[in-house]
Amino acid sequence: MKRAVRTRVAGAALLAAATTVTTLVAGAGTAVAAPARAAAYNKECGAGYRQVNQIPIPGRGTVFLAYNAATGKNCVVTKRNSATGSPLWVGSWIQRNNELKSKQEQYGFFTSYSGPVYLDAKGTCVDWGGEIDGYVVGRYKTNCGTLA
């Protein structure tokens, strides 16, 4: 009879210890793990530029296209979801539709964002895109303006 009691006591102590460990691990996980926030355009292109398009890079960031109606210039910025951590390979590019000689680009290791890169493209369609850590996105023949 004593033997059974000891087993129950030992089992209860083991269960209590396991519950404590689980609680500590769960508590640590909720305090540390926070969902990544999506990147947001924050006027990285400067005054007078308004965001007109974007392409998400799932789990990594967003490529933003902005336009300045006063100057007729487009701007591209590729932003990471988080501006902390190690630098990653990030790039931004833009060109007039199918006009490689007009291409403007910036690539490098950045913690926050690549760009801005600018292109005078008033009244024309643009091809644009970006890259974060090997994940490449692009759009072609978009945001076509009309000649005024």
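In which strand is the place of Pro116? Pro116 sits in strand E6, which spans residues 113-120. The peptide bond between Gly115 and Pro116 is cis, with omega of about 5°.

This is a predicted model, in which local features need pLDDT of at least 70, side-chain atom pairs count only at pLDDT 80 or more, and totals for chains, interfaces and linings use all residues. Numbering starts from 1 along each chain as its sequence is written, and side-chain values use heavy atoms, with hydrogens and water left out.

**Overall architecture**

Read from the N terminus, the order of elements is α-β-β-β-β-β-β-β-β. Of the 148 residues, 30% are buried, where buried means under 20% relative accessible area, exposed over 50%, and partly exposed in between (1.4 Å probe, protein chains only).

A contact here means heavy atoms within 4.5 Å. Among contacts in the protein chain with a separation of 6 or more, 51% are between residues 24 or more positions apart. The chain exposes about 9,300 Å², and carbon and sulfur atoms supply 58% of that area. Accessible areas come from the Shrake-Rupley method with a 1.4 Å probe; for residues, only the protein chains shown count as cover.

**A buried lysine**

Lys79 belongs to strand E3, residues 73-80. Lys79 counts as buried because its relative accessible area is 11%. The side chains of Lys79 and Glu44 are joined by a polar contact of 2.7 Å. Such a contact is a pair of N or O atoms within 3.5 Å; within protein, one must be able to donate a hydrogen and the other to accept it, and residues adjacent in sequence count only if both atoms are side-chain atoms. Leaving aside residues up to four places away in sequence, Lys79 touches several others, including Ala39, Asn42, Arg60, Phe64, Tyr113 and Ile132.

Lys43 is in the loop between helix H1 (2-32) and strand E1 (50-57), whereas Lys141 is in strand E8 (residues 135-142). Lys43 counts as exposed because its relative accessibility is 60%. Lys141 is likewise exposed, at 55% relative accessibility.

How values were computed:
Helices (H or I, at least four residues) and strands (E, at least two) are DSSP runs, numbered from the N terminus.
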